[in-house]
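Look at the model first, then read the points below.

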Amino acid sequence: AECVSGCVCPEGLFDDGKGGCVEEKDCPCIHNNQWYSSGQNITVDCNTCTCQKGLWSCTEDVCYGTCIIYGNGHYITFDGKFYDFDGSCEYVAAQDFCGDKNSSGSFSIITENVPCGTTGATCSKAIKMFLGKTELKLENKDYKEIQLDIGDDVHYWNRTVGLYLLIEASNGVMLIWDKKTTVFIKLTPDYKGKVCGLCGNFDDKSNNDFTTRSGVQETSALQFGNSWKQSSTCSDVTEEIKPCDVKPHRESWAEKECSIIQSEVFEICHSKVYPIPFYEACVHDACSCDSGGDCECFCSAVAAYAQECIKAQACVFWRTPDIC
């Protein structure tokens with residue numbers, strides 16, 4: 001719609017949005033407020049889009065889904081919904097045991113959340129991954145395998161990539177853990193619409209991600225999160241925690257540190273991945289980690305944004321001897 005013939009340009013030529021006039025075949029395209037000239041390619045998820053006569057033409061490959069849990073209770077679902085939930089219990093992050101009581105599933109991933117700091121905010125401390133009759137427990141920078149009595153044989157492989165431990169299973173489930181408070185859960189497209197838990201249902205619609213264990217759609221992250229706790233003895237979360245209100249003296253330090261996300265260091269990424277939710281999550285974490293580990297909380301929050309930037313093909317070199 002930006003490329004219009006008429007008032008600005010001679011008949012037959014089109015305004016290119018940059019003060020010039022071009023033929024229709026040379027009309028540029030716009031994506032995240034950036035202009036791309038005709039013939040240029042961008043990558044969106046696992047698809048390539050080409051600018052043709054002012055419109056994007058994209059391949060239609062079905063992509064892996066990724067859910068991210070990081071820092072003090074921040075979640076980005078498979079369908080891209082960003083929300084916070086601070087519960088101190090074990091919760092179902094993702095599983096394919098959904099709906100039918102007798103339905104069989106092949107995996108379940110449980111996150112155990114514990115308070116980090118004195119404000120009541122929680123971090124993921126341990127991850128349990130059930131693959132058929134194998135249980136993997138990831139805790140204290142290591143993992144151990146437990147064999148259960150019932151279930152199918154699901155093969156898996158593990159390897160270390162940089163800071164991360166990566167576990168890949170034959171059923172199309174992959175888990176990437178930074179050995180601290182960040183976990184990425186990746187699923188093949190076969191699981192679309194067949195999973196449930198705090199990571200949502202992976203059906204390409206983010207507005208129904210808050211589906212509770214009983215199948216009801218909630219609007220509140222608290223009700224949704226509480227429904228996925230593993231043990232009924234844990235108390236429900238009743239209010240959203242705002243650590244900077246509890247520790248106002250830490251707020252200005254947190255805002256100063258986290259401003260790196262909105263600075264020119266990440267400028268190349270701003271048009272590709274919207275920085276504000278990541279900045280707000282960073283300030284939340286930097287306020288709440290007040291009993292040691294405050295650098296770790298801050299670094300995890302910035303690393304989560306950097307990871308999304310890399311996915312959008314914006315490589316950012318942000319770590320320095322002074323920062324993380």
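A disulfide is a pair of cysteine sulfur atoms within 2.5 Å. The model is predicted.

**Domains**
- The domain assignment gives domain 1 (14-58), domain 2 (65-227) and domain 3 (243-312).
- Between the C-alpha centres of domain 1 and domain 3 there are 32 Å.

**Cys46 and Cys63**
- A disulfide joins Cys46 to Cys63, with an S to S distance of 2.1 Å.
- This link is left-handed, at -85 degrees about the S-S bond.
- Cys46 sits in the loop between strand 5 and strand 6, and Cys63 in the loop between strand 7 and strand 8.
- Cys46 is partly exposed at 36% relative accessibility, whereas Cys63 is buried at 10%.

**Cys89 and Cys234**
- Cys89 and Cys234 form a disulfide (S to S 2.1 Å).
- Its torsion is about 80 degrees, so the disulfide is right-handed.
- Cys89 lies in the loop between strand 10 and strand 11, and Cys234 in the loop between helix 1 and helix 2, so the pair ties together parts 145 residues apart in sequence.
- Both cysteines are buried.

**Cys258 and Cys282**
- Cys258 is joined to Cys282 by a disulfide (S to S 2.1 Å).
- A torsion of about -80 degrees makes this disulfide left-handed.
- The pair ties helix 3 to helix 5, 24 residues apart in sequence.
- Cys258 is buried at 0% relative accessible area, and Cys282 is buried at 0%.

**Cys315**
- The closest cysteine sulfur to that of Cys315 belongs to Cys309, 9.3 Å away, which is too far for a bond.
- Cys315 is exposed, at 52% relative accessibility.

How values were computed:
Residues are numbered from 1 along each chain as its sequence is written. This is a predicted model: local features need pLDDT of at least 70, side-chain atom pairs count only at pLDDT 80 or more; totals for chains, interfaces and linings use all residues. Side-chain values use heavy atoms; hydrogens and water are left out. Domain bounds come from an automatic or database domain assignment. Helices (H or I, at least four residues) and strands (E, at least two) are DSSP runs, numbered from the N terminus. Buried means under 20% relative accessible area, exposed over 50%, partly exposed in between (1.4 Å probe, protein chains only).
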